[in-house]
Amino acid sequence: MTFLLSKSFFSLTLRPPSAISMATLTSKARLRGVVFDMDGTLTVPVIDFAAMYRAVLGEHEYKRIKAENPTGIDILHHIETWSWDKQQQAYQIIADYEKQGIDRLQIMPGAAELCAFLDSRKIRRGLITRNVKKAIDIFHERFGVVFSPALGREFRPYKPNPDPLLHICSTWDIRPDQVIMVGDSLKDDIACGKQAGALTCLLDETGRYGSEDFAVSGLEPDFKVSSLSEIQKILDSNFDLTPHS
């Protein structure tokens, strides 16, 4: 099934460093759903991914693959090419790091307030993560903020493949061009959103990404923010948030 962006969207211009606004529209585009990444987006980054990748790949292989993939290493897809025994060892290392992350889980500043705003406007909210479902369940229980659907890496194929996002859109019976994908990873979240035909918002707290990264990857987000608290203003200013009748 192919989804195309509505012709009502015009070219978007990035204006650093944080909130980015759309070009003037004759009428505001309809927004009916927001899908979030979890680790580093809804939760404070606590997993040392570089250390995890080194533990899985070894120092030499880590450096080689990192040099070949400037936008980031896709560790899950990489280890799928390994033998079954080697895969299990890698998954165990990843699970150990993820458990450490779960033990130190913190909700991202502004996340609860943004969710309350979406609820007040009856905007649906979903979640897609490459973490496991157990981590999602703990997040829901610990912070009392629930996303539905909430897909972990048990749902295959995972990001950056667009299938998880298209699945959520189908479940909601909402067109992808009426949904925005929010995440902190250019290669996973923004790629997933763009391939699905959704709008995209990159959360970049530290200024990690710049125009060169967008040019190299061919992935330019529709919006870029440095905190979740900026997203409410973007949604209010640029979209029709009228509840669906």
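Author: With burial: a residue is called buried when its relative accessible area is under 20%. The model is a predicted one. In helix α6, residues 133-143, that label goes to A135, I136, I138, F139 and H140.

Reader: What covers the buried residues of α6?

Author: The cover includes α4 (84-103), β3 and β4 (150-151). Just after α6 comes G144, with a positive phi of about 65°.

Reader: Why is R125 called buried?

Author: The relative accessibility of R125 is 13%, and the cut-off is under 20%, so R125 counts as buried. R125 is found in strand β3, residues 124-128.

Reader: What makes the pairing of R125 and D119 a polar contact?

Author: Their side chains are joined at 2.9 Å, and the limit for such a pair of N or O atoms is 3.5 Å. A polar atom of the R125 side chain also lies 2.6 Å from the backbone oxygen of V146.

Reader: Which residues does R125 touch, not counting residues up to four places away in sequence?

Author: R125 touches V34, F36, C115, L118, D119, V145, V146, F147, S148 and W172.

Reader: How do you know whether C169 and C201 are buried or exposed?

Author: C169 has a relative accessible area of 1%, and C201 is at 1% relative accessibility. The cut-off is under 20%, so C169 and C201 both count as buried.

Reader: What makes a set of residues a nonpolar core?

Author: The members are buried residues of the listed nonpolar types, joined through side-chain atoms within 4.5 Å. The largest such core has 35 residues, of which V34 and L235 touch the most other members. At least two residues of this core come from each of β2 (33-36), α5 (111-120), α6, β5 (179-183), β6 (199-203), β7 (223-225) and α10 (229-238). The largest share, five residues, is that of α5.

Reader: Which residues does L235 touch, leaving out those up to four places away in sequence?

Author: L235 touches L31, V34, F117, L118 and L241. A second, separate core of 15 residues includes Y53, L57, I73 and A90.

Terms used
Residues are numbered from 1 along each chain as its sequence is written. This is a predicted model: local features need pLDDT of at least 70, side-chain atom pairs count only at pLDDT 80 or more; totals for chains, interfaces and linings use all residues. Side-chain values use heavy atoms; hydrogens and water are left out. Buried means under 20% relative accessible area, exposed over 50%, partly exposed in between (1.4 Å probe, protein chains only). Helices (H or I, at least four residues) and strands (E, at least two) are DSSP runs, numbered from the N terminus. A polar contact is a pair of N or O atoms within 3.5 Å; within protein, one must be able to donate a hydrogen and the other to accept it, and residues adjacent in sequence count only if both atoms are side-chain atoms. Contact means heavy atoms within 4.5 Å.
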